[in-house]
Amino acid sequence: MPRRVTPALLASAVLMAGLAGCSADARKTESQQQAPVEPPPAATPTPQVPAGKAPQRAFAVGVRQLKLNRDGRALPTTLWYPAAGQSGGAAKRSATAAEGRFPVVMFSHGLGGRPDDYGTLLTRWAAAGFVVAAPTFPHTSRGADNNVLDVLNQPADVSYALDQVLALDGKAGDALRGRLDGERVAAAGHSAGGVTTIGLFTASRDERLDAGVVFAGTALGVGTAFAGAAAPQLFVHGELDEVVEYAAGRAAYDKVPWPKAMLSLPKGDHGRALLSDGATLRVVSDTSVEFLRWSLYGDADAKKRIPTDATRGDIATFDDHL
């Protein structure tokens with residue numbers, strides 16, 4: 001029986017002005033921290049995902065678009081997925097899907113951004129054996145009205161998009177029919193998308209989610225009342241973040257009652273390294289891939305590799321409570 005979505009309980013709140021700097025070229029602003037919110041008693045640490053092995057090879061990557069709409073909220077969604085053929089190179093439009101059943105990762109962009117901005121990272125996730133679905137939000141994407149308060153509606157957008165993506169697994173004639181593993185699902189996001197992701201494990205808990213990855217996020221507006229079954233979390237944050245202060249991200253991380261780890265980048269800013277290929281992105285992508293292999297495939301060997309990838313090249317420090 002599929003796990004059901006908990007109804008959204010997000011209260012109206014004013015998100016920090018600093019979230020206006022989520023995109024790579026946004027102006028620097030000063031962030032604020034929320035008053036501490038005590039989490040409920042820690043859920044049992046029993047993993048939701050049974051032990052298994054992640055694919056040992058890299059896949060070619062396909063990319064396609066879904067036209068989604070939730071009650072008048074247009075949510076065009078980009079899908080990156082493992083494809084048949086030779087691995088390497090750019091994602092290919094509407095390529096034939098690879099054989100197998102793959103976990104799903106829902107990715108939320110930052111304010112003033114779009115899914116394609118994160119294409120390098122998300123392509124690497126897909127090449128490692130994950131289907132990545134990234135909605136473009138109606139009020140916080142580039143070219144929209146940048147209504148920061150609409151971030152509070154985005155957890156429900158992600159849950160709706162997940163409904164539609166998982167439905168493709170049983171849709172006759174769809175290229176992803178029989179390719180999606182709806183029992184192995186994670187959420188991830190950057191900045192305002194990180195707020196969205198935290199919300200999916202707190203006030204708008206989606207019980208289908210088995211793990212989370214939060215880039216430069218904060219719990220402001222969504223709280224730290226992490227709820228439901230244990231879902232491992234990976235936080236990634238630059239210590240020189242000029243938009244969402246490192247301390248704000250660390251405060252949210254400290255409230256997570258489940259297995260967790262934090263990748264801290266001493267020279268990192270608000271996440272511009274996520275938008276271009278370089279040594280920092282390689283550390284972030286390799287660490288997050290191994291985290292997803294462990295948390296979604298149940299691959300114990302991948303868990304053992306996480307600290308090595310995280311500390312390679314002295315680019316980051318790693319707080320490990322997985």
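In β12, His321 is the bridge partner of Lys260, and this pair belongs to the five bridges that join strand β11 (residues 260-265) to β12 in the antiparallel sense. The model described here is a predicted one, and its protein holds six helices and twelve strands. Of the 322 residues, 57% count as buried, while among contacts between residues at least 6 apart in sequence, 73% join residues at least 24 apart.

- Ten strands make up an open sheet of mixed pairing, and their order across it is β5-β1-β4-β7-β6-β8-β9-β10-β11-β12.
- The edge positions are taken by β5 (92-93) and β12 (317-321), each of which pairs on one side only.
- In a regular strand, the side chains alternate between the two faces of the sheet.

**Strand β6 and its two partners**

- Strand β6 (residues 102-108) is mostly covered, with seven of its seven residues buried.
- Towards strand β8 (residues 180-190), β6 pairs in the parallel sense over six bridges, and within this pairing Val105 stands opposite Ala186.
- Towards strand β7 (residues 131-135), β6 is again parallel and is joined by three bridges, with Val104 having Val131 of β7 as its bridge partner.
- Together with helix α1, the strands β6 and β7 make a right-handed β-α-β unit.

- Helix α1 (residues 119-127) is largely enclosed by the rest of the structure, because seven of its nine residues are buried.
- The buried positions of α1 are Gly119, Leu121, Leu122, Thr123, Trp125, Ala126 and Ala127.
- An α-helix has 3.6 residues a turn, so residues three or four places apart point the same way.
- Just after α1 comes Gly129, which takes a positive phi of about 110 degrees.

**The nonpolar core**

- The largest nonpolar core has 90 residues, and those with the most contacts inside it are Val104, Val105, Phe107, Leu122, Trp125, Phe215 and Leu292.
- Helix α5 (residues 279-297) contributes nine residues to this core, which is the largest share.

**Helix α5**

- With 19 residues, α5 reaches 26 Å from its first C-alpha to its last, which is close to the 27 Å expected at 1.5 Å a residue.
- Since 15 of the 19 residues of α5 are buried, this helix is largely enclosed by the rest of the structure.
- The residue that follows α5 is Gly298, whose phi is positive and near 70 degrees.

- Helix α3 (residues 192-199) lies across β6, β8, β9 (211-215) and β10 (233-238), and runs at about 135 degrees to β8.
- Helix α4 (residues 246-254) packs on the sheet as well, where it touches β10, β11 and β12, and its direction makes about 170 degrees with that of β11.

Key: Residues are numbered from 1 along each chain as its sequence is written. This is a predicted model: local features need pLDDT of at least 70, side-chain atom pairs count only at pLDDT 80 or more; totals for chains, interfaces and linings use all residues. Side-chain values use heavy atoms; hydrogens and water are left out. Buried means under 20% relative accessible area, exposed over 50%, partly exposed in between (1.4 Å probe, protein chains only). Helices (H or I, at least four residues) and strands (E, at least two) are DSSP runs, numbered from the N terminus. Two strands pair if DSSP finds at least two bridges between them. A crossover is right-handed if, with the strands pointing away from the viewer, the path from the first strand over the helix to the second runs clockwise. A nonpolar core is a set of buried Ala, Val, Leu, Ile, Met, Phe, Trp, Tyr and Cys residues joined through side-chain atoms within 4.5 Å. The expected span of a helix is 1.5 Å times one less than its number of residues. Contact means heavy atoms within 4.5 Å. Axes are lines fitted to C-alpha atoms, for helices over the stretch in contact, and angles run from 0 to 180 degrees between N-to-C directions.
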